[in-house]
Every structure is written in structure tokens, then in C-alpha cells.
Amino acid sequence: MHIPDGFLDTATSVASWVVSAGGVAVAVRQVNKTLNERQVPLMGVSAAFIFAAQMMNFTIAGGTSGHLLGGALAAILLGPWAGTLVITCVLAVQALLFQDGGLLALGANILNMALVGVWSGWLVYAGLKRLLGEKSWAIFVRGFAAGWLSVVLAALLASVELGLSGASPWGVVLPAMGGVHALIGIGEGLITVAVLTFLRAVRPDLLTMHRLASEA
Amino acid sequence: MKNRWWLIGLLIALVVTLFSPLASPHPDGLERVAEDKGFLERAQDAPYELIPDYVFPGIANENVATIVAGLVGTLLTFGVGYGLAWALRRRVRAAG
């Protein structure tokens, strides 16, 4: 859901830049306080993997595709603040080097995917812990739900921005984006669970690295 | 080496990009909605072009060009993410 330039009006672009710049600044401060040495390469690898996975569009319905957003995954692996920075890195490289997503619109894309996408995934994953616990099946249910909701909420916020910009009326764009991303979210949930399954099998310690920092 | 687990992770990411020519060519959700609901033409071109559409310029075979674009992007993103994390890491040494 990388918004190109031209979809959003100036006011919406500027407002979303202000909010996302503030959010990323806070994330930088928080990460600076809590990131340990072992998490440094994990941030690099997570960003690299999410970039690569975002190139692998999968067909979801007639003539439409989706791809991983990765916000929930980044939050689960690194905690929400570092997760915000990971997705921001991916989006910045995509916009600056590959012209994927506009430059003016980058603020909105960061807000939608690196902030809302990451934090909604985190809140679902962490919030369901009390209810479902930490057994294998619970991790996967929580991961799927986190992935699914993160995509849907990011898409709905993008729709709000498009409506505010006059690109499309809310009554049209919200259900359209919500509907297609409810499908894409299933892919997100599945990929998130697949990665968590793999990591739990080979390096389960990676899944709990940030815990001391974020649950202190 | 166990210490270089992250290198394996990076290799996995690079291997994923080798499959990028197989990715679905259909427009993604936003682009499709923009097409269907009539606001796609509002999109403006970027003010410059480096590796547009994830096709590395100057390579005749489009599949190879896509893979090269993916490899470059994956490595660069790794560097940016790692570099940022390294710059921000806590430097407090645990006692004892």
C-alpha cells in the first residue's frame, strides 16, 4: 500500500509527515535506551528480509496481488519501537532508491505502515498473551491475528488519508481498501506465522530477545 | 558459526530475492482500488529515477534485472537497518 505522490493533497502529506516524524523520533530515543548488542544484527536482518519479502507479491483475487507488510513481524521480533525503525528503513530505501511510494507521501506511508502497522500488530500480539498464553499454538494464533489486523488498520488509515485528500470518497475507498486488505491480511498472517514457526524451531531465543527491554 | 546466525538470515533474504521474477505481476491492493475507483491517474512520477519498478537499469534480461535490483535493495536495507541499530545501541556495560 505504498502511496505514490499525487494521491494525497499537500495538507494531508504535511500533517502525516509531522506525525510520523514525531513517532520515528520517539522510536529513535526509545531504541537508543534499550537496544542491546545482539539485537543490532537482528534489526539489519529483519529489515533485509522484510524488504526482500515485500518484492514477492502473491495473487489474492482476480487481477490483484498483495505482499507482506512485515510490521507485526518486526514488532514481535524486536519490540514495537525498533519495529517502527525497521519498517521505516525499508520504506525509505523503497522510496529513495526504487521510487516505490512517493517522497511527499513517505510521511503517510511511514505513519500507516511503520507506526500503525507495527503498533497495531504489537498490541494484538502482546494483548492476546494474557488470554492465550505462550504455547506454540498460542504464538501462532497471536501472530496471525497481529499480522492480519496490522494490514487492515494500515489500509484503513491510508483510506482516511485518501478521503481527506479528495482522491476518493470515504464511502467508496474505505470498504474497497478494507475488503481487499482483509484478504491480503490473511497472507500477512500466514507469512508471519511461517516465519515465527521457522524461528521457533531453529533459534527460539530470537523470539524473546527484546522481552526484558519492552516488558520492564 | 552460531555467532553469525544473522549472516544466514541475510542469505535467506537474498535467496528470497532470487525468486522475485516469479512474483505476481498484478497490481497491489492500493493500485487496484485506485484503478477501479478512478483515482489512479492522479499518481505523479517521481522527480528522478534510479531503479524504477525494481528493474535494475542497463540489464537486458528483465528477470535478471529484477533479481539484481532485489539483491542491491536487500543488501542496502540490511546495511541501513544494521547501521542505524549499531548507532543507537545501548553502550551501558552490565556490572560484573
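These legends describe close-up views of a predicted model.

**View 1. The interface of chain A and chain B.** Contact, meaning heavy atoms within 4.5 Å, joins 65 residues of chain A to 55 residues of chain B. The two chains bury about 5,000 Å² between them, 72% of it on carbon and sulfur atoms, where buried area is the accessible area (1.4 Å probe) that two parts lose on being put together, summed over both. In chain A, the residues that lose the most area to chain B are Phe7(A), Met55(A) and Phe98(A), together 13% of what that side buries.

**View 2. The salt bridge between chain A and chain B.** The count between these chains is one salt bridge, a term for a side-chain nitrogen of Lys or Arg within 4 Å of a carboxyl oxygen of Asp or Glu. Here the side chains of Arg89(B) and Glu37(A) meet, at 3.4 Å from N to O.

View 3. Met209(A) lies in the loop between α7 and α8 (211–214) of chain A, helices being DSSP runs of H or I with at least four residues, numbered from the N terminus. Met209(A) is buried, with a relative accessible area of 10%, the limit for this term being under 20% (1.4 Å probe, protein chains only). Leaving aside residues up to four places away in sequence, Met209(A) touches Asn36(A), Arg38(A), Gln39(A), Leu42(A) and Trp5(B). Met209(A) and Asn36(A) are 173 residues apart in sequence, yet 8.9 Å apart in space, C-alpha to C-alpha.

Residues are numbered from 1 along each chain as its sequence is written, and chains are lettered from A in the order in which they are written. Local features need pLDDT of at least 70, side-chain atom pairs count only at pLDDT 80 or more, and totals for chains, interfaces and linings use all residues, while side-chain values use heavy atoms, with hydrogens and water left out.

How values were computed:
Helix = DSSP H or I, 4+ residues; strand = E, 2+ residues; numbered from the N terminus. Buried < 20%, exposed > 50% of the residue type's maximum accessible area, 1.4 Å probe, protein only.
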